[in-house]
Amino acid sequence: SPLIGVLALQGDVREHLAALTGAGARVTAVRRPEELAEVEGLVIPGGESTTISKLAHAFGLLEPLRARVRSGMPAYGSCAGMIMLADKILDPRSGQETVGGIDMIVRRNAFGRQNESFEAAVAMAGVPGGPVDGVFIRAPWVESTGALAETLAVHRGHPVAVRQDHLLATAFHPELTGDHRVHALFADMVRTAR
Ligand code: GLN
């Protein structure tokens, strides 16, 4: 099975490692460029995208991440990770950079303060067996997508799961539910890219 890394700078790293293991992948934490070079796919976890962005820069990982994504390494981002895979943030904090790769504009904390956290059933294309339990925690939504980005799920009128070729992003956190179907979809993408 493929070796999939989880970017381990900040966020819910352990939960993604467990979900990937549950989906049958081999896993490893990625903090250094040498570790990134060894993985066949990468998950960027949920957490705080401004912090992940700053730490990726400080650890010398931002350019290596961009290079690997450009050259076809499959990547999956949940929540803050979705923001990291967006080509553009509508309302970035100053200095906040993304890895990019998905032709979309995201709005941070879009679902609103009074609804900082909620769960909703989300039907997601490419995930068989019925809706997933979407856990939204100060989640972004996708404001707009370009021609190459395919919307896989919509909630309250906004895309919340998007795929572009080898890249996958969800505004919600399947890693917190014990349901490994989204991670299984990603592990399949990694196997296909081999
Ligand atoms: N609001 C966070 C951000 O903008 C994302 C929250 C999350 O990952 N649960 O980075």
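Trainee: What should I know before reading the model?

Mentor: Residues are numbered from 1 along each chain as its sequence is written. The model is predicted: local features need pLDDT of at least 70, side-chain atom pairs count only at pLDDT 80 or more, and totals for chains, interfaces and linings use all residues.

Trainee: How many helices and strands does the protein chain have, and what makes a run count as one?

Mentor: The protein chain has 6 helices and 12 strands. Both are DSSP runs, numbered from the N terminus: helices are H or I with at least four residues, strands are E with at least two.

Trainee: Why is Cys79 called buried?

Mentor: Count C-beta atoms, placed from the backbone. A residue is buried if 20 or more others lie within 10 Å of its own, exposed if 12 or fewer, and partly exposed in between. Cys79 has 30 C-beta neighbours inside 10 Å, so Cys79 is buried. Buried residues make up 47% of the 194 residues in the chain.

Trainee: Is Glu38 buried or exposed, and how do you know?

Mentor: Glu38 has 10 C-beta neighbours inside 10 Å, so Glu38 counts as exposed. Glu38 lies in helix H2, residues 33-38.

Trainee: What makes Cys79, His173 and Glu175 a group?

Mentor: UniProt lists them for "active site", in an unreviewed entry. UniProt positions are given in the numbering used here, feature names are shortened, and annotations may be inferred rather than shown by experiment. They span 97 residues in sequence, yet no two of their C-alpha atoms are more than 10.8 Å apart, so they gather at one spot.

Trainee: How do you know what Cys79 and His173 touch?

Mentor: Two residues are in contact if their C-beta atoms, placed from the backbone, lie within 7 Å. Neighbours within four places in sequence are left aside. Cys79 then contacts several residues, including Gly46, Ile137 and His173. His173 contacts Gly46, Ser78, Cys79, Val135 and Ile137. Cys79 sits in the loop between S4 and helix H5. His173 sits in the loop between S12 and H6. His173 is buried, with 25 other C-beta atoms within 10 Å.

Trainee: Where does Ile137 lie, and why is it called partly exposed?

Mentor: Ile137 is in strand S8, residues 132-137. Ile137 has 19 C-beta neighbours inside 10 Å, so Ile137 counts as partly exposed. UniProt's unreviewed entry also places "binding site" at several residues, among them Ile137 and Glu48. Glu48 is partly exposed too, with 16 other C-beta atoms within 10 Å.

Trainee: What makes S2 and S10 edge strands?

Mentor: Strands pair if DSSP finds at least two bridges between them. The open sheet of 7 strands runs S2-S1-S3-S4-S12-S11-S10, with mixed pairing. S2 and S10 each have a single partner strand, so one side of each is left without a neighbour in the sheet. S1 and S3 pair in the parallel sense over 3 bridges.

Trainee: How do you know that the buried residues of H1 line one face?

Mentor: They are Val13, His16, Leu17, Ala19 and Leu20. The arc is that of the directions from the helix axis to the C-beta atoms. Here they fall within an arc of 165°, so they line one face of H1. They pack against S1, S2, S3 and H6.

Trainee: Why are the buried residues of H4 said to be on the same side?

Mentor: The buried residues of H4 are Leu65, Arg68 and Val69. They cover an arc of only 100° around the axis, which puts them on the same side of H4. On the other side, Glu63 and Arg70 are exposed.
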